Every structure is written in structure tokens, then in C-alpha cells.
Amino acid sequence: MHTILEEYKKEIKIKYETEKEGVHFDYLFSPSRGKLRDLCWLIFENNPTQDDLNVFKNLFCLDFDHTKKNKFKEQKDKFRPIETFFKGETDPSNIDAINLAAIMVDFQPRPFKKFNEKYRIEESKRIEKVGKDVIVERENEGIEKVVLVENKNEESKEHPENGNLFFDFATKFSKIMAQKMYPQKIITIGIGAIAVVTSACLYFVQKKD
């Protein structure tokens with residue numbers, strides 16, 4: 001199972017691959033215990049943070065002191081796990097050695113305690129974001145359902161009930177027939193109808209007389 005400590009070591013190793021081509025090329029490109037020891041002293045001579053000083057003390061069991069460089073030279077074997085870690089030969093388990101490796105390539109955030117805190121915060125934010133995305137997606141699904149229902153209602157309006165089909169057909173047929181009848185025929189029919197009505201009226205008048 002992938003742990004936060006493994007992620008910490010992975011990120012340090014990635015930073016090393018960049019830094020070994022940089023300012024400290026002479027110490028890091030082909031690391032040895034002696035080179036790493038000298039680089040460590042060089043780094044701690046330049047205003048180290050309190051966290052870095054704590055790592056130094058925990059690993060070497062002594063406080064960093066500019067006047068004790070000769071005593072520090074005796075600590076060369078303490079850099080063996082860092083050397084093999086940078087070379088990809090071993091996977092160190094000593095947290096103080098790992099933290100010192102982070103110092104030597106200027107990896108941030110360090111030490112592991114700070115990396116762990118930041119990692120957990122980012123992980124919780126990521127989980128929270130995923131949860132929000134799921135909620136939004138469900139809400140969008142609800143909106144889509146409402147739209148579909150509305151669309152179905154619109155379709156039902158466009159298609160009337162069967163009871164009205166005959167009436168619509170008759171209306172359309174009458175319009176078509178009216179359009180096909182020529183004006184002359186309409187006039188002829190009108191005159192004929194008037195003549196019939198006039199004849200009927202005369203008949204009834206004569207009968208009364």
C-alpha cells in the first residue's frame with residue numbers, strides 16, 4: 001500500500017534528479033559519503049532553519065557548531081543510506097536520514113511532519129471537491145429529467161386527441177375545395193340560386209290570388 005512516507009521519498013528523489021545537474025553538481029552528480037558530508041556542512045553554514053537544525057541533531061546526536069567541523073568529519077558513515085538512496089540502490093527507513101536528504105536537495109515542504117500535514121490537507125480538499133462534483137452531477141441529472149418531462153408535454157400539445165382529427169380533416173378539405181373552385185362557377189351557382197328563390201316567391205303569390 002502506498003503511504004505518505006513513500007510519497008515523501010518519491011518527491012525527494014525527483015528533486016534530486018533535478019538538483020544533481022544544478023549548483024551542487026560536483027557533490028550530487030556522482031554522490032559519495034564524503035561528498036555528501038562536505039555538502040551537508042556547506043549547507044548548514046548558511047543560516048539553516050530551526051527544523052533543519054533539529055534534523056541535524058537527531059541524526060548526528062550533536063548540535064551544529066561551526067567550531068566542530070573536525071568532529072563532524074567523523075560522521076561520514078551516517079551518509080551511507082543517503083548515498084544509496086540517491087543512487088536508487090536502497091529504500092531508507094530512517095526518517096532522520098530521509099529528512100537530511102530533503103535538506104541536501106532543498107526539497108519543500110520538509111521535514112516529513114510538514115509534508116505529512118500538507119499532504120493530508122490537500123487530500124481532504126481533493127476528496128471534498130470530488131464530493132461536490134458528484135452532487136453537482138446529480139443536480140444536473142435532475143435538471144435533465146425536468147427538461148425531458150417538459151419536452152414530452154410540448155409534444156403532447158402538438159399532437160391533439162383523436163376526437164379532433166376528423167374536424168381538422170374536414171376543415172382542411174373545405175379550404176382545399178374552396179381554393180379549387182373557379183370564380184365563374186361560383187357566380188353561376190349564385191345566379192341560379194337567386195332565380196330559384198324568385199320563382200318560388202312568385203308561385204306562392206299567384207296561389208294566394
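A residue counts as buried when its relative accessible area is under 20%, as exposed when that area is over 50%, and as partly exposed in between, using a 1.4 Å probe and protein chains only. Arg 33, with a relative accessible area of 28%, is therefore partly exposed.

First, some ground rules. This is a predicted model, in which local features need pLDDT of at least 70 and side-chain atom pairs count only at pLDDT 80 or more, while totals for chains, interfaces and linings use all residues. Residues are numbered from 1 along each chain as its sequence is written, and side-chain values use heavy atoms, with hydrogens and water left out.

Let us start with the overall fold. The chain has 10 helices and zero strands; here helices (H or I, at least four residues) and strands (E, at least two) are DSSP runs, numbered from the N terminus. Of the 209 residues in the chain, 23% are buried. If we take contacts (heavy atoms within 4.5 Å) between residues at least 6 apart in sequence, 59% of them join residues at least 24 apart.

Helix H1 makes a handy check on geometry. Its expected span is 1.5 Å times one less than its number of residues. For the 16 residues of H1 (residues 4-19) that gives 22 Å, and the end C-alpha atoms are 22 Å apart, so the two agree. Among the buried residues of H1 are Ile 4, Tyr 8, Ile 12 and Tyr 16.

Now for the aromatic rings. Rings of Phe, Tyr and Trp (its six-membered ring) pair if their centres lie within 6.5 Å; planes under 30 degrees apart count as stacked, over 60 as edge-to-face and the rest as tilted. The whole structure holds 18 aromatic pairs. One of them joins Phe 44 and Phe 64, a tilted pair with 5.7 Å from centre to centre and 40 degrees between the planes. This pair links distant parts of the chain, since Phe 44 sits in helix H3 (residues 33-44) and Phe 64 in the loop between helix H4 (50-60) and helix H5 (69-72), 20 residues apart. Phe 44 is buried at 2% relative accessible area, and Phe 64 is buried at 16%. The rings of Phe 56 and Phe 60 are tilted too, because their centres are 4.8 Å apart and their planes stand at 55 degrees. Both of these residues lie in helix H4, four residues apart, about one turn of the helix. Ring pairs link Trp 41, Phe 44, Phe 56, Phe 60, Phe 64, Phe 72 and Phe 79 into a cluster.

Charged side chains come next. A salt bridge is a side-chain nitrogen of Lys or Arg within 4 Å of a carboxyl oxygen of Asp or Glu, and the count comes to 12 salt bridges. Here Arg 33 returns: its side chain meets that of Asp 77 at 3.5 Å, N to O. Asp 77 lies in the loop between H5 and helix H6 (80-86) and Arg 33 in helix H3, so the pair ties together parts that are 44 residues apart in sequence. Arg 33 and Asp 77 are linked with Glu 83 and Lys 87 in a network of salt bridges.
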